[in-house]
Amino acid sequence: MTLVRAKKHLGQHFLTDKNIATKIVDSLRPENRYTQVLEVGPGMGILSDILLERPEYEVSLIDIDTESYEFLQKKYPELAGRLINADFLEMDFAARFTGPFAIIGNFPYNISSQILFKVLDSRQQVVEVVGMFQKEVAERCAAKAGSKEYGILSVFLQAYYKVEYLFTVKAGVFNPPPKVLSAVIRLTRNEVANLDCDEKLFWQVVKAGFNQRRKTLRNALSSIINKEKMTDEPLLNLRAERLTVADFVKITQQVTVGRQ
């Protein structure tokens with residue numbers, strides 16, 4: 001079969017190292033009560049080859065690249081109905097999957113944040129994610145409060161998932177090699193069905209805090225609630241990067257009361 005060309009506009013960097021691919025697949029944890037696995041951006045199938053050797057998984061593949069889709073159709077004729085030529089960001093998970101499922105992939109770096117927000121939107125169904133990201137993005141996802149990498153994405157993900165930075169991957173194992181280091185992380189759904197606050201307001205509070213991260217929360221949140229209605233809560237005197245998820249929930253509860 002003719003090999004698939006990596007396309008810059010799709011952010012494609014095909015993994016070529018089978019040992020790394022095996023390590024990524026081995027990072028899935030099926031004991032988290034799922035059998036369905038969706039691979040995003042399979043390219044020429046280096047992860048797919050390993051996934052399809054694992055009888056515990058019912059594997060589906062999605063790729064927006066028609067050339068890759070046609071290549072995979074020939075390579076995996078047994079995947080009829082589970083090989084999808086579509087945009088992952090537009091996918092209706094509930095229509096495709098019954099019950100919980102996991103997502104895996106060497107994700108296109110140019111849409112990595114969008115992929116993660118798509119996961120968050122479907123957090124009640126997506127119980128695990130194992131994926132390759134640009135190292136800088138992976139570090140932001142797993143960052144703890146107080147670090148310079150900690151930000152909006154860190155808080156949103158860690159509100160609903162346990163985030164683990166698994167390992168770093170050098171550029172030489174990709175074709176073409178990216179100009180940055182890469183890293184694999186794992187997201188595991190936690191027990192939080194819903195936050196103990198107005199979740200829509202929680203997102204507004206977190207965004208407001210980090211969009212003016214040099215200011216204290218008391219000043220950064222003035223667009224959401226009048227300062228005169230803020231309490232003497234000591235957390236309001238800190239910058240957003242110092243607050244944990246639980247702290248942001250507490251602030252959101254107080255903002256809710258203050259706006260009533």
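Visitor: Which residues lie nearest the centre of the largest pocket, and how many line it?
Guide: First, the general idea. On a 1 Å grid over the protein atoms alone, a pocket is an open set of points with protein on both sides within 12 Å along at least five of seven lines; a cavity is a set where a 1.4 Å probe fits but cannot get out; lining residues have an atom within 4 Å of a point. Here, 23 residues line the largest pocket. Leu 10, Gly 41, Ile 64, Pro 108 and Ile 111 lie nearest its centre.

Visitor: What should I keep in mind about the model itself?
Guide: It is predicted: local features need pLDDT of at least 70 and side-chain atom pairs count only at pLDDT 80 or more, while totals for chains, interfaces and linings use all residues. Residues are numbered from 1 along each chain as its sequence is written, and side-chain values use heavy atoms, without hydrogens or water.

Visitor: What volume does the largest pocket have, and how do its lining residues divide?
Guide: A volume is the space filled by probe spheres set on the grid points, which are joined across faces, edges and corners. For the largest pocket this is about 350 Å³. For linings, Ala, Val, Leu, Ile, Met, Phe, Trp, Tyr, Cys and Pro count as nonpolar, Asp, Glu, Lys and Arg as charged, and the others, Gly among them, as polar. The lining here has 13 nonpolar, 8 polar and 2 charged residues.

Visitor: Which residues lie nearest the centre of the second largest pocket?
Guide: Lys 8, His 13, Pro 177, Pro 178 and Lys 179, out of a lining of 14 residues. That lining divides into 6 nonpolar, 5 polar and 3 charged. The volume is about 250 Å³.

Visitor: How many cavities of 30 Å³ or more are there?
Guide: The count is 1. The largest cavity holds about 50 Å³ of space. Its lining is Ile 225, Lys 229, Met 230, Thr 231, Leu 236, Ile 251, Gln 254 and Val 255. That makes 5 nonpolar, 2 polar and 1 charged.

Visitor: Now the sheet. What is the strand order?
Guide: Strands (E, at least two residues) and helices (H or I, at least four) are DSSP runs, numbered from the N terminus. Two strands pair if DSSP finds at least two bridges between them. Here 7 strands form an open sheet, ordered β4-β3-β2-β5-β6-β9-β7, with mixed pairing. β4 (83-84) and β7 (161-169) stand at the edges with a single partner each, so one side of each has no neighbour in the sheet.

Visitor: How many bridges join β2 to β3, and β5 to β6?
Guide: β2 (residues 36-40) and β3 (residues 58-62) run parallel, joined by 5 bridges. Val 40 has Ile 62 of β3 as its bridge partner. β5 and β6 are also parallel, over 6 bridges. There, Ile 104 is partnered by Val 130 of β6. In a regular strand, side chains alternate between the two faces of the sheet.

Visitor: Is β6 largely enclosed or left open, and why?
Guide: Buried means under 20% relative accessible area, exposed over 50%, partly exposed in between (1.4 Å probe, protein chains only). In β6, 8 of the 9 residues are buried, so the strand is largely enclosed by the rest of the structure.

Visitor: Which strands does helix α5 lie across?
Guide: Axes are lines fitted to C-alpha atoms, for helices over the stretch in contact, and angles run from 0 to 180 degrees between N-to-C directions. Helix α5 (residues 112-121) lies across β5 (101-106), β6 (126-134), β7 and β9 (182-189), at about 175° to β6. Helix α7 (residues 152-160) also packs on the sheet, touching β7 and β9, at about 120° to β7.

Visitor: What do the buried residues of α7 pack against?
Guide: Contact means heavy atoms within 4.5 Å. The buried residues of α7 pack against α5, α6 (135-142), β7, β9, α8 (199-211) and α10 (245-258). Leu 153, Phe 156 and Tyr 160 are among those buried residues.

Visitor: Where is Gly 209, and what does it touch?
Guide: Gly 209 lies in helix α8. It is buried, at 0% relative accessibility. Beyond four places in sequence, Gly 209 touches Leu 217, Ala 220, Leu 221 and Ala 240.

Visitor: Which peptide bond is cis, and which phi of a non-glycine residue is positive?
Guide: The bond from Asn 175 to Pro 176 is cis, with omega near -10°. Pro 176 sits in the loop between β8 (174-175) and β9. Arg 33, not a glycine, has a positive phi of about 70°. Arg 33 is in the loop between α1 (18-26) and β2, and is exposed at 69% relative accessibility.
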